[in-house]
Amino acid sequence: MRLLDSVPGVTEHMESLEVIMAKKILKRRLDLGLTQSQVVERVYKQGASITQATVSKVECGDKTISTDTYNKIFTALGGITNLDIQFGELPKSSKKILEHA
């Protein structure tokens, strides 16, 4: 992984919201012993629909996934009980913009 850390954009991608959610969703699905197809079935029982391919994209951290799709999957996996968002330092370029505002 250290080799990948030197590739431009990899660290930012791995720390992106989509990848963080992907890891949490995948872990939850595996903890429940469910297949992607079983997640699709659970979503269907909620009166909604997604495809197995969509679940796969979610678990890969695809940036094109809608919040509606995330909500369907979260509900199918038991819902969210805690969402703890912690902010980091602003990038240097953002600090300069704020100083001039």
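Colleague: What does Asp68 count as at 43% relative accessibility?
Modeller: This is a predicted model, in which local features need pLDDT of at least 70, side-chain atom pairs count only at pLDDT 80 or more, and totals for chains, interfaces and linings use all residues. Residues are numbered from 1 along each chain as its sequence is written, and side-chain values use heavy atoms, with hydrogens and water left out. Buried means under 20% relative accessible area and exposed over 50%, with partly exposed in between (1.4 Å probe, protein chains only). At 43%, Asp68 therefore counts as partly exposed.

Colleague: Which residue does Asp68 meet in a salt bridge?
Modeller: A salt bridge is a side-chain nitrogen of Lys or Arg within 4 Å of a carboxyl oxygen of Asp or Glu. The N to O distance is 3.4 Å, and the partner is Lys72.

Colleague: How many helices does the protein chain have?
Modeller: Helices (H or I, at least four residues) and strands (E, at least two) are DSSP runs, numbered from the N terminus. The chain has 0 strands, and its pattern along the sequence reads α-α-α-α-α-α-α. The number of helices is 7.

Colleague: How many salt bridges does a search of the whole structure find?
Modeller: For the whole structure, the number found is 4.

Colleague: How many residues apart in sequence are the parts that Glu18 and Lys63 tie together?
Modeller: The side chains of Glu18 and Lys63 form a salt bridge at 3.2 Å, N to O. Glu18 is buried at 19% relative accessible area, whereas Lys63 is exposed at 51%. Because Glu18 belongs to helix 3 (residues 17-32) and Lys63 to the loop between helix 5 and helix 6, the separation in sequence is 45 residues.

Colleague: How is the pair of rings of Tyr70 and Phe74 classed?
Modeller: The structure holds 1 aromatic pair; rings of Phe, Tyr and Trp (its six-membered ring) pair if their centres lie within 6.5 Å, and planes under 30 degrees apart count as stacked, over 60 as edge-to-face and the rest as tilted. Tyr70 and Phe74 are both buried and sit 4 residues apart in helix 6 (residues 67-76). With centres 6.1 Å apart and planes at 25 degrees, the pair is therefore stacked.

Colleague: How is helix 5 oriented to helix 6?
Modeller: The axes (lines fitted to C-alpha atoms over the stretch in contact, with angles from 0 to 180 degrees between N-to-C directions) of helix 5 (residues 52-59) and helix 6 come within 11 Å and cross at roughly 95 degrees. Angles under 35 degrees count as roughly parallel, over 145 as roughly antiparallel, 65 to 115 as roughly perpendicular and the rest as oblique. The orientation of helix 5 to helix 6 is therefore roughly perpendicular.

Colleague: Which residues of helix 6 make the contact with helix 5?
Modeller: Contact means heavy atoms within 4.5 Å. Helix 5 contributes Thr54, Val55 and Val58, and helix 6 contributes Thr69, Tyr70 and Ile73.
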